[in-house]
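Good morning, and thank you for coming. I should like to take you through one model this morning, beginning with a pair of packed helices.

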Amino acid sequence: MIRKIKINGYRIYNNFVLEPNRKFNLIVGANESGKSTLLEAIALALTGRVNGRRASEELNPHWFNTELVSDFVHERKAGKAVAFPEISIELFLEDTDDLQNLCGAINSDVPTNACPGISLRILPNPDYVAELEKWAQDPNTILPVEYYMDDWRTFSDQKITMRPKQLAAAIIDSRTVRSTSGVDYHLKQILSDHLEPAERAAVSLAYRQVKASMSNDALKGVNDRIGLLNASLHDRSLSLAMDQSARASWDSSIVPHVDEVPFSMSGQGQQAAIKISLAMNKHSEKANYVMVEEPENHLSHTGLNTLLSRIESLAGDQQQLFISTHSSYVLNRLGLDSLQIMGRKGVCNLPELNPDTVAYFKKLPGYDSLRLALAEKVVLVEGPSDEIIFERIFKDMYGRRPIELGIDVLSMRGLSLKRCLEFCAALDKTVVAMRDNDGIDPDSLRDDASEWLEDQKREIFIGQVSSGTTLEPQLVYSNGESTIRGILDIKAHADLDKWMKREKTECAIRIAESRESITPPEYMRLAAEFIHG
Amino acid sequence: MANNLTLAVAGSRKTQGIVEYCANLEHDRRALVATYTQTNQSELKDRLSKFAGDHPGIKTLGWFTFLLHDFARPFFPFMFPRRRIKGFNFDGRPHRMAKGIKRFLDSNDRVYACELSRLAFELIQASKGTLLRRIECIYDEILIDEVQDLSGYDWEIIDVLLESSVDIQMVGDIRQSVLATNARSSKNKKYAHAEAINWFREREKKGKLAIVEKTQTWRCHPDIASFSDSIFDHSWSFPRTESLNTKKTEHDGIFFVRSEHVSDYISKYKPQCLRSGANSGKDFDLDYLNFGLSKGMTFERVLIVPTAGIKQFIKTGKQLEPKPSASFYVAVTRAEQSVAVVIDDSGSSPIGFWNPQS
């Protein structure tokens, strides 16, 4: 199990530290926040490879953190002899007996810490010091990666060239198979890991024999004829035979079939599902680390549901999953407590979420918890009409819509306010909540949730019982019946209370679209001031 | 108890013993075979791949490599944070007054061979148990060949290993301790060379290991075996060597050869000529091999040009110092059938002179 990930100088990451969860890690974040980069970095350090090729072969200038590179160029141009930028990815593993061969203190932890682990560094090749220095006389932000090398080591300071067998990793990317060979590198790896060594050898041998018999039987007639052609140089005979070289080994010809349809022909969602099942199935050599990129891609809602159930049931105690997602559904289903939110300042996760609350959201997977997680500031309201009215009041007060200031207004739609507040508290979000008093004293309602409130950060505002039990009477109370009648365009003979109660949303929309501003109910005004700051 | 020391006499097929031991291990057992000399290491590797090639968990390493891979490199930052060992300096020595990291590393961050075992030992303590835990997890068994050649802090390391959960099997011939991994260390000097036997006997008394004596030689003729025994007197309490060599030739046993007969002797028997070192045996222009270098080799016949001490021992029976005793023992036990010693005055020795006329 990976206990800590440290990344320095790689793409957007510098001085980045993440302590992942033992089992599920759901990586969420805005676009460009580095979700895929994180998965890529973990895979890079675990396997030493990118898309099946050695890191040093795939290395390109864009791997380097642009800030570090431009600082370097700037300093060098100013005549300072600063060192070339480097990349380092370190994976600190759990201190178990079977990983002790990877154990040592050759890592960046201070104070010195010995634990099993693995690191990948990209650093200037000492053989090219002269060339690098020459280049640095007139540096630019495209680093000369030709003079760089990779250094893949265990924490015990031993160079590694092949992935240590305890670190089996499966990478399930959202890219689909396009190549004509039918199987991409990751799937090949997964398939090969799925077979026992003996099975693998038997398959390989049988495949060779089939190819040999093909050459001897079916091709014989052709060869007899071609042999007389004298088409080759130096009069040597020409013949056709099956390719027996390593390039044409079984794993590029044997592909999974779904209902007798080859893998590359099946749907994109199906492809992802197959990869996940193969990689995670209970098996002696199953992957210990599974990385899934945006499983919601290419899948219908029910397809996603099936896939998530499969992931949940296949995940073993010894498996650690990293899943990047844009979907609240995935998040709620696999558990809010597995959340890792990528932000500009690094990652935040949820160390202390009540298991009840996790279970609560699991039962309501449709809820937009991801919006809660990603918003800068949150306003929680009871329903759509509260949402619409608050938006209008806020715009009247500050001239801009809340979302333009990074404030996301979310309607709880019957969800427990306390659960939502707990989730926000765990995320350390600035949040304001509003609710109807429903005839109960606001102070006792507030006390009920006081555990999750924090001065200047999280507050609940509730209207006084005397000015109305729900939003509608509160509006009438603060504006007077005739103003509201005017805005809503309600005939004098109609019962205002009844109409507003019956047409909640319509009422909110009319107020929101009205040219005339309303006086906000006291609690809403306070809430708007609180969240605006 | 799983810690054993096998004290084997010269020619008792020690290396084969290790190979057979390994071949009989359970197949998934993870064993490290550590040895001191390069030649011995490649010999062992060869034979292990022949006889125990179906044991994937067996690994052969030189003693220095073992200390470097499993002690010094992984845990170095515990003594010198953020520093790394970048290589190995076999011949160099730190400055006498060197302090701190300079005591262990040269200017290119290469670790001095002569300070490696001290560093390794100190890291066992400094690493707060992580070093030993790692060793206990990656090896079930550690076999150390030529254990008599270890010295200085190596003994402290063995002490720690004896206390660990790893089974320790040691094989050696104390009487052949001519090499030492750190010839110039003053640490544990009292256990240097043949006196190492006392170190082991102390551990045996404390119940930390069992000593097994292997006294049968397949190599040396009975006369040679008993002469070799006489090099160490009773105070050492080494057991008698039993010879299993039953081969008869026209010239078997120990012989003295007068200076004037040396060339006749050589042309008749073509022995391997041995001397203590480059400064000895200058009276004769022969194709010598030094005692130390001959270790591990076998010849049908040897001719030894003795040092003053050896002459004295032959004439009067006065015991040599431990180190020259070990060297002389190595020289004598190289031979299968005959050992000739060049001497003109044999004093009270009962051994007869070779007569070119007979």
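In α14(A), the residues Phe390(A), Ile393(A), Phe394(A), Met397(A) and Tyr398(A) meet Met524(A), Ala528(A) and His532(A) of α21(A). Two residues are in contact here when their C-beta atoms, placed from the backbone, lie within 7 Å. By class, this contact comprises 7 nonpolar residues, 1 polar residue and no charged ones. The classes are as follows: Ala, Val, Leu, Ile, Met, Phe, Trp, Tyr, Cys and Pro are nonpolar, Asp, Glu, Lys and Arg are charged, and the others, Gly among them, are polar.

Please keep in mind that this is a predicted model, in which local features need pLDDT of at least 70 and side-chain atom pairs count only at pLDDT 80 or more, whereas totals for chains, interfaces and linings use all residues. Residues are numbered from 1 along each chain as its sequence is written, and chains are lettered from A and ligands numbered from 1 in the order in which they are written.

How do the two helices cross? The axes of α14 (residues 384–398) and α21 (residues 522–532) of chain A come within 10 Å and cross at roughly 65°. The axes are lines fitted to C-alpha atoms, for helices over the stretch in contact, with angles from 0 to 180 degrees between N-to-C directions. The crossing of α14(A) and α21(A) is right-handed, that is, the near helix is turned clockwise from the far one by less than a right angle. Helices (H or I, at least four residues) and strands (E, at least two) are DSSP runs, numbered from the N terminus.

I turn now to the backbone of chain A. The peptide bond from Val110(A) to Pro111(A) is cis, with omega near -5°, and Pro111(A) sits in the loop between β7 (103–104) and β8 (115–124) of chain A. In the loop between β1 (2–8) and β2 (16–18) of chain A, Arg11(A) has a positive phi of about 45° although it is not a glycine.

Glu146(B) is buried, with 25 other C-beta atoms within 10 Å.

As a whole, chain B contains 11 helices and 15 strands. Its radius of gyration, 22 Å, is close to the 21 Å that the globule rule gives for 358 residues, so chain B is as compact as a globular protein of that length. The radius is taken over C-alpha atoms, and the rule is 2.2 Å times the number of residues to the power 0.38. Buried residues make up 45% of the 358 residues in chain B.

Between the chains, 14 residues of chain A are in contact with 14 residues of chain B. The side of chain A that touches chain B has 6 nonpolar, 6 polar and 2 charged residues.

Finally, confidence. The predictor gives the complex an ipTM of 0.80 and a pTM of 0.81. Chain A averages a pLDDT (the predictor's confidence in each residue, from 0 to 100) of 86. Over residues 177–181 of chain A the pLDDT is below 50. Where pLDDT is low, the predicted coordinates should not be read in detail.

Note on methods
Buried ≥ 20, exposed ≤ 12 C-beta atoms within 10 Å, placed from the backbone.
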